[in-house]
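Here is a short briefing on selected side-chain contacts and one backbone feature. Please keep the sequence and the model open while reading.

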Amino acid sequence: MTEIYELIPTTATSADQDWYSAHQLTDALGIGWRPNPQPSRISPRAGEYVAHAIPCGLNAYYAKTVQAKSGGLIAFGSPLLLAASVVGSIGYNMWQNQKAREEAAAQWRYVGSGMAHFTNQRIAVASETGWRNFEFSGIEAMEMEPDGIVIFENGRAREKLTLNLPLTHFILLRFLAYGEIPNLGAPAPQPLPASTPAPTPHTAILKSTIKRD
């Protein structure tokens with residue numbers, strides 16, 4: 001019986017490996033394979049099981065409002081001093097405005113790192129800064145970036161899980177959340193050389209976020 005860690009390795013990081021693993025996963029799902037419940041230290045809900053767990057980073061997309069500067073101090077005196085002062089004032093304000101634009105630019109900001117547990121109900125992220133649940137019922141949209149998966153929820157800044165093999169995990173997430181098997185739209189690649197042994201599954205052990213009886 002195929003286990004999920006045979007389809008989704010945890011050691012590879014290349015885009016080629018991601019593309020190959022994504023094809024393996026979609027092919028398996030297409031012929032009826034389903035992920036088996038994996039052992040986990042998190043507390044599952046009624047009817048919930050952990051399909052996969054992987055180390056991840058958690059980032060949030062933030063922007064802040066800043067006010068551009070206008071005007072400035074102009075010294076009075078000789079025409080040469082006045083011209084130099086005006087030029088200096090304009091240059092200073094331009095620098096201030098550029099600085100304001102850079103500060104206002106939305107950007108990804110680090111929130112924490114830990115383990116992402118892909119279940120049939122949510123992504124449960126146990127990180128050193130706390131616990132974060134991405135409930136499938138609350139996800140408005142999701143998209144893939146080269147380094148991870150971006151999740152949109154109503155009323156929250158968008159958040160990104162940075163993880164290995166983002167395309168493969170995006171497919172897994174779409175299947176778990178919506179029962180969807182995405183079409184990759186290209187022939188399956190040739191198998192990559194087996195340079196490393198198949199990884200063994202692992203689970204998160206973060207005592208600060210684990211419920212215990």
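The points below are grouped by topic.

The model is predicted. It holds 9 salt bridges and 1 aromatic pair.

**E153 and its partners**
- E153 forms a salt bridge with R132, and the closest N and O atoms are 2.3 Å apart.
- E153 belongs to strand 6 (residues 148-153) and R132 to strand 4 (residues 130-135), so this pair ties together parts 21 residues apart in sequence.
- Both partners, E153 and R132, are buried.
- E153 also forms a salt bridge with R156, where the closest N and O atoms are 3.8 Å apart.
- E153 counts as buried because its relative accessibility is 13%, under the 20% cut-off.
- R156 has a relative accessibility of 46% and therefore counts as partly exposed.
- Shared partners join R132, E153, R156 and E159 into one network of salt bridges.

**The D147–K160 pair**
- D147 forms a salt bridge with K160, with the closest N and O atoms 3.1 Å apart.
- The pair links distant parts of the chain, 13 residues apart.
- D147 sits in the loop between strand 5 (139-145) and strand 6, while K160 sits in strand 7 (residues 159-162).
- D147 is partly exposed, at 36% relative accessible area.
- K160 is buried, at 5% relative accessibility.

**Charge over a ring**
- R132 has a further contact: its charged end sits over the ring of F134.
- The distance from that charged end to the centre of the F134 ring is 4.3 Å.

**Backbone at L165**
- L165 has a phi near 50°, a positive value in a residue other than glycine.
- Most residues other than glycine have a negative phi.
- L165 lies in the loop between strand 7 and helix 4 (166-178).
- L165 counts as buried because its relative accessibility is 2%, under the 20% cut-off.

Technical notes. Residues are numbered from 1 along each chain as its sequence is written. This is a predicted model: local features need pLDDT of at least 70, side-chain atom pairs count only at pLDDT 80 or more; totals for chains, interfaces and linings use all residues. Side-chain values use heavy atoms; hydrogens and water are left out. A salt bridge is a side-chain nitrogen of Lys or Arg within 4 Å of a carboxyl oxygen of Asp or Glu. Helices (H or I, at least four residues) and strands (E, at least two) are DSSP runs, numbered from the N terminus. Buried means under 20% relative accessible area, exposed over 50%, partly exposed in between (1.4 Å probe, protein chains only). Rings of Phe, Tyr and Trp (its six-membered ring) pair if their centres lie within 6.5 Å; planes under 30 degrees apart count as stacked, over 60 as edge-to-face and the rest as tilted. A charge sits over a ring if NZ of Lys or CZ of Arg is within 6 Å of the ring centre and within 35 degrees of the ring normal.
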